[in-house]
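Subject: Structure handover

Hello,

I am passing this structure on to you, followed by notes on what was found in it. Please read the notes with the model open.

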Amino acid sequence: MSTLDTSKGAVPLYVQIYQKLKEKIESKEYEYGQIIPTELELQELYGVSRITVRQAIQALEQEGLVSRARGRGTVVSRKEKIEELLTRIKSFTDEMKDRGMTPGTRWAEIAQVEADEKLAEIFSCQPGDALYRIRRVRTADDVAIVLFDTYLPGTFSLPMENDAYYGSLYELLAEQGVTAPVEIEEQFEAIVADDETAKALEIQPGAPVMKRVRTSFGKESNVQEYTLSYYNAARYTYVIHAER
């Protein structure tokens with residue numbers, strides 16, 4: 001059994017376990033893609049409760065050091081954040097492929113909704129007019145990266161089967177005769193995860209999240225897409241390149 005400091009004033013046990021596991025990851029004792037010991041094995045190794053072990057693993061998850069893979073266990077992740085360079089319009093699918101990562105979708109859901117006053121103003125329609133709403137959790141190498149909440153004009157003719165939205169949305173729209181946007185506006189905001197976002201991104205409530213709002217415009221300056229994106233801040237960052 002590996003010993004922990006249980007003296008008065010010592011740091012919490014889960015922090016000590018987190019630090020020990022982090023050292024093993026950073027020293028490459030646990031390498032990228034490797035499965036670390038199970039919760040039960042860590043319990044026995046350190047002589048602590050399962051709750052304590054879970055807190056340690058959750059701390060590693062929030063730092064982007066590990067991820068939980070279905071049917072496999074807790075896997076060491078890439079330490080580096082995914083960086084997106086803001087120079088041109090690119091889909092999430094293409095971004096991941098460019099980085100040698102496999103894009104995926106954890107789940108997708110499409111529905112028809114009525115525009116509220118804010119959405120009506122964005123799409124230059126009337127409150128109550130029909131819009132499409134597409135919600136998806138996108139992944140990279142099977143790790144949840146972003147929750148997309150996308151609104152599209154109700155004048156589009158889109159399939160209502162959820163399965164149709166597990167790939168690139170821009171490719172699907174192109175198949176439906178919708179031309180790619182020619183201009184976008186982006187807004188970024190640092191927030192913390194609420195319960196719904198935390199569940200979708202498989203992080204803890206209160207963990208840092210990067211909120212991005214994209215408005216895409218067509219050739220006639222009409223709004224083609226309005227998307228609220230919630231990124232796991234431990235896994236994703238944006239880079240802006242500017243020249244004088």
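At 55% relative accessibility, K28 counts as exposed, because exposed means over 50% relative accessible area, buried under 20% and partly exposed in between (1.4 Å probe, protein chains only). K28 lies in the loop between helix 1 and helix 2 (39-46). Helices (H or I, at least four residues) and strands (E, at least two) are DSSP runs, numbered from the N terminus.

Before the rest, two remarks on the source. The model is predicted, and local features need pLDDT of at least 70, side-chain atom pairs count only at pLDDT 80 or more, and totals for chains, interfaces and linings use all residues. Residues are numbered from 1 along each chain as its sequence is written, and side-chain values use heavy atoms, with hydrogens and water left out.

Backbone at K28 and D142

K28 is not a glycine, yet its phi is positive, about 70°. Most residues other than glycine have a negative phi. D142 is another non-glycine residue with a positive phi of about 70°. D142 sits in the loop between strand 5 and strand 6, and with 40% relative accessibility it counts as partly exposed.

An open sheet is formed by 6 strands in the order 4-5-6-9-8-7, with antiparallel pairing. Two strands count as paired if DSSP finds at least two bridges between them. Strand 4 (103-114) and strand 7 (183-192) are the edge strands, each pairing on one side only. From one strand to the next, the twist averages 15°.

Strand 9 is mostly covered, with 10 of its 10 residues buried. Strand 9 runs antiparallel to strand 6, and 6 bridges join the two. In one of these pairings, L147 has Y230 of strand 9 as its bridge partner. Strand 9 also pairs with strand 8 in the antiparallel sense, over 9 bridges. There, F217 stands opposite V223 in strand 9. The hairpin of strand 8 and strand 9 has 5 residues between the strands, and S221 in this hairpin takes a positive phi near 65°.

T215 is found in strand 8 and counts as buried, at 13% relative accessibility. Contact here means heavy atoms within 4.5 Å. Not counting residues up to four places away in sequence, T215 touches E183, I184, E185, V223, E225 and Y226.

The cores

A nonpolar core is a set of buried Ala, Val, Leu, Ile, Met, Phe, Trp, Tyr and Cys residues joined through side-chain atoms within 4.5 Å. The largest one has 23 residues, and those touching the most other members are L119, I122, F123, L147, I203 and Y226. Helix 5 (117-123), strand 5 (130-140), strand 6 (143-153), helix 7 (195-201), strand 8 (208-217) and strand 9 (223-232) each give two or more residues to this core. A second, separate core has 17 residues, including I17, L21, V48 and I57.

Which residues are in contact with Y226, leaving aside its neighbours within four places in sequence? They are K118, L119, I122, F123, D149, T150, Y151, V213, R214 and T215.

The packing of helix 1 and helix 3

Two packed helices are described by the angle between their axes and the distance between the axes. Helix 1 (residues 13-26) and helix 3 (residues 50-62) pack at an angle of about 50°, and their axes are 8 Å apart. Axes are lines fitted to C-alpha atoms, for helices over the stretch in contact, and angles run from 0 to 180 degrees between N-to-C directions. Helix 1 and helix 3 are therefore oblique to each other, as angles under 35 degrees count as roughly parallel, over 145 as roughly antiparallel, 65 to 115 as roughly perpendicular and the rest as oblique. The crossing of helix 1 past helix 3 is right-handed, that is, the near helix is turned clockwise from the far one by less than a right angle. On the helix 1 side, L13, Y14, I17, Y18, L21 and K22 meet T52, Q55, A56, A59 and L60 in helix 3.

Regards
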